[in-house]
Amino acid sequence: MDSIEKFIEKIVDMRVDEKLAKIKQDRSQLLEEDRYLTVTEAAKFIKVSTRTIYNYLDSGVFNRIYFGGSVRIDKLEIIEFANRQKSA
């Protein structure tokens, strides 16, 4: 009986580990998908106008990333910029 319980416990642990790995992978993919913002999304994110975002792009504050002809901005750049502004 003891060996059957250990066997079942091992199977359950394997299934839990598989589910956790899947959740971590899904979470990682979601973070990647949300990482690049449109100009409008970036403006809403830091509560400025789209014109201000374009000014930041033109002056090199943010790098332009092109996806199929549309401009995206790395959310990490925006967060770093906002943190610098807070400490200035």
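**Entry 1: burial and overall layout**

I began with burial. Of the 88 residues of the protein, 16% count as buried. I note here that the model is predicted. Next I listed the elements and found 4 helices and 3 strands. Along the sequence they follow the pattern α-β-α-α-β-β-α.

In general, strands of a sheet pair through backbone hydrogen bonds, either parallel or antiparallel.

I took the pairs one by one. β1 and β3 run antiparallel and are joined by 2 bridges. Tyr-36 has Asp-74 of β3 as its bridge partner. I also checked what lies against the sheet.

β2 and β3 form a hairpin with 2 residues between the strands. In this hairpin I found Gly-68 with a positive phi near 55 degrees.

**Entry 2: a look at Ile-65**

I picked Ile-65, which sits in strand β2. Is Ile-65 buried or partly exposed? Its relative accessibility is 23%, so Ile-65 counts as partly exposed. The cut-off for buried is under 20%.

Which residues does Ile-65 touch, not counting those up to four places away in sequence? I found Tyr-36, Ser-70, Val-71, Arg-72 and Asp-74. I followed up on Tyr-36. Ile-65 and Tyr-36 are 29 residues apart in sequence. In space they are 8.4 Å apart, C-alpha to C-alpha. Tyr-36 is also the residue whose bridge partner in β3 is Asp-74.

**Entry 3: helices α2 and α3**

I turned to helix α2 (residues 39-46) and helix α3 (residues 50-59). They pack at an angle of about 105 degrees, with their axes 8 Å apart. Angles of 65 to 115 degrees count as roughly perpendicular, and α2 and α3 are therefore roughly perpendicular to each other.

Which residues make the contact? From α2 I noted Val-39, Thr-40, Ala-42, Ala-43 and Ile-46. From α3 I noted Thr-50, Ile-53, Tyr-54, Tyr-56 and Leu-57. I sorted the contact residues by type: 8 are nonpolar, 2 are polar and none is charged.

**Entry 4: the core**

Last, I looked up the largest nonpolar core. It has 12 residues. Among them are Val-39, Ala-42, Ala-43, Ile-46, Ile-53 and Leu-57, which I had already met in the contact of α2 with α3. Leu-37, Phe-62, Val-71, Ile-73, Ile-78 and Phe-81 belong to this core too.

Which elements give two or more residues to the core? They are α2, α3, β3 (70-74) and α4 (75-87). α2 gives the most, with 4 residues. In soluble globular proteins, nonpolar side chains tend to be buried together.

I finished with Phe-81, one of the core residues. Leaving aside its neighbours within four places in sequence, Phe-81 is in contact with Tyr-56, Val-61 and Phe-62. Phe-62 is in the core as well, and Tyr-56 is on the α3 side of the helix contact.

Note on methods:
Residues numbered from 1 in each chain as written. Predicted model: local features only at pLDDT ≥ 70, side-chain atom pairs only at ≥ 80, totals over all residues. Heavy atoms only, no water. Axes fitted to C-alpha atoms, helices over the stretch in contact; angles between N-to-C directions. Parallel < 35°, antiparallel > 145°, perpendicular 65-115°, else oblique. Contact = heavy atoms within 4.5 Å. Nonpolar A, V, L, I, M, F, W, Y, C, P; charged D, E, K, R; others polar. Core = buried A, V, L, I, M, F, W, Y, C linked by side-chain atoms within 4.5 Å. Buried < 20%, exposed > 50% of the residue type's maximum accessible area, 1.4 Å probe, protein only. Pairing = 2+ DSSP bridges.
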